[in-house]
Amino acid sequence: MLNPSKGNGMNEAKTVVVGLSGGVDSAVAALLLKEQGWHVLGLFMKNWEDDDSDEYCSSRQDLVDVISIADRIGIDVEVVNFAAAYKERVFAHFLKEYQAGRTPNPDVLCNSEIKFSAFLEHAVSIGADYIATGHYAGVREFAGAFQLLKAEDGTKDQSYFLHRLNQQQLAKTLFPLAGLYKREVRKRAEAAGLHVALKKDSTGICFIGERPFKEFLMRYLPPQKGEIRSLDDERLLGEHDGIAYHTIGQRKGLHIGGVKGGKSGDSGDHDAWFVARKDIASNTLYVVQGHAHAALLADELRAEDLSWVAGAAAHTHWVYTAKTRYRQADAACEIERVDADSCQIRFAEAQWAVTPGQSVVVYESRVCLGGGVIA
């Protein structure tokens with residue numbers, strides 16, 4: 001069972017606070033818990049307020065939707081401002097990483113530091129037994145410990161973003177959508193008369209949303225022009241506005257599409273260029289031509305800032321799978337070395353555009369074991 005009822009038929013005596021975002025997933029999570037007999041409270045988290053009037057900020061409409069959802073389901077809802085904690089625990093780290101030339105994943109940190117930390121602390125302070133979210137993931141108790149599981153709907157599974165959750169957090173968390181497919185969630189919402197049944201899913205980074213990313217980043221990290229060079233022969237190909245605005249594997253936005261490959265290249269003259277390396281010291285962006293270029297492939301990586309769901313490191317020399325980015329198929333691997341500070345992971349097949357700052361997440365079948373930050 002992916003997400004067993006922790007109430008054992010006595011859910012009506014248990015209080016759960018559901019994080020409502022204004023979307024269909026969290027709405028149905030609250031609906032299901034209410035139907036199961038839980039005493040459900042809704043909570044809308046305000047995590048960002050620097051540009052509430054910006055055209056890309058949807059928080060006002062989201063709050064309107066949350067109030068409508070709560071009214072339809074018949075639950076109370078509270079609005080809590082976590083913006084200060086978010087800026088301190090997530091955004092400051094986000095900017096520091098980009099400044100250092102890495103590409104962080106703030107959604108991972110937001111989950112561990114805000115949604116399942118500050119939110120959980122608040123819920124407990126008002127007497128809640130559990131918290132719940134609309135994430136597509138599962139949790140179960142097994143052999144005296146809590147496991148984080150992949151969701152039934154593999155196309156929506158979000159365990160990658162939750163891999164830093166610990167035993168204390170999982171013990172207090174419910175994932176009502178664990179066994180549902182997205183199409184079923186929308187049907188449940190429609191049947192219940194929830195107006196967000198067909199609402200478009202939010203995309204993009206948690207606080208940035210769908211706004212132009214480079215434009216957003218330039219507000220906090222001023223442009224610092226530098227050279228774009230070919231990694232194969234050091235030819236000068238163009239100029240960039242700042243290394244922080246680019247990431248490994250990036251193809252668009254380089255403005256060198258018309259430049260032909262040199263004699264050192266192993267690709268066709270007109271193949272696309274991709275970012276392969278960032279040299280912070282010289283402020284140089286190195287690119288290669290062709291998606292299959294050897295410089296874009298790696299069969300091993302080192303990860304730091306490790307976090308293991310069980311509280312203890314995964315075994316070395318066992319066959320696992322791992323992801324180095326969210327939208328990626330599981331790749332067979334083994335952990336060659338692991339200690340308190342870092343681990344070395346080797347893949348059976350080379351992985352494309354392994355990016356420092358992103359998360360590598362390790363799985364044993366459907367169980368998410370944890371992971372770390374790619375160094």
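Select Val17: beyond its neighbours within four places in sequence, Val17 is in contact (heavy atoms within 4.5 Å) with Leu41, Leu43, Phe119, Ala123, Ile126, Ala128, Tyr130, Ile131 and Ala132. This is a predicted model, in which local features need pLDDT of at least 70 and side-chain atom pairs count only at pLDDT 80 or more, while totals for chains, interfaces and linings use all residues. Residues are numbered from 1 along each chain as its sequence is written, and side-chain values use heavy atoms, with hydrogens and water left out.

Val17 lies in strand S1 (residues 15-19); strands are DSSP runs of E, at least two residues, and helices runs of H or I, at least four, numbered from the N terminus. Val17 has a relative accessible area of 1% and is buried (under 20%, 1.4 Å probe, protein chains only).

Next, select helices H3 (residues 83-99) and H4 (residues 106-125), whose axes come within 10 Å and cross at roughly 165°. Axes are lines fitted to C-alpha atoms, for helices over the stretch in contact, and angles run from 0 to 180 degrees between N-to-C directions. H3 and H4 are therefore roughly antiparallel (over 145 degrees). Residues making the contact include Tyr86 and Phe94 of H3 and Leu109 and Ile114 of H4.

Finally, select helices H1 (residues 24-35) and H6 (residues 182-191), with axes that come within 9 Å and cross at roughly 65°. That makes H1 roughly perpendicular to H6 (65 to 115 degrees). Among the residues that meet are Val28 and Leu32 in H1 and Val185 and Ala189 in H6.

Key. Parallel < 35°, antiparallel > 145°, perpendicular 65-115°, else oblique. Buried < 20%, exposed > 50% of the residue type's maximum accessible area, 1.4 Å probe, protein only.
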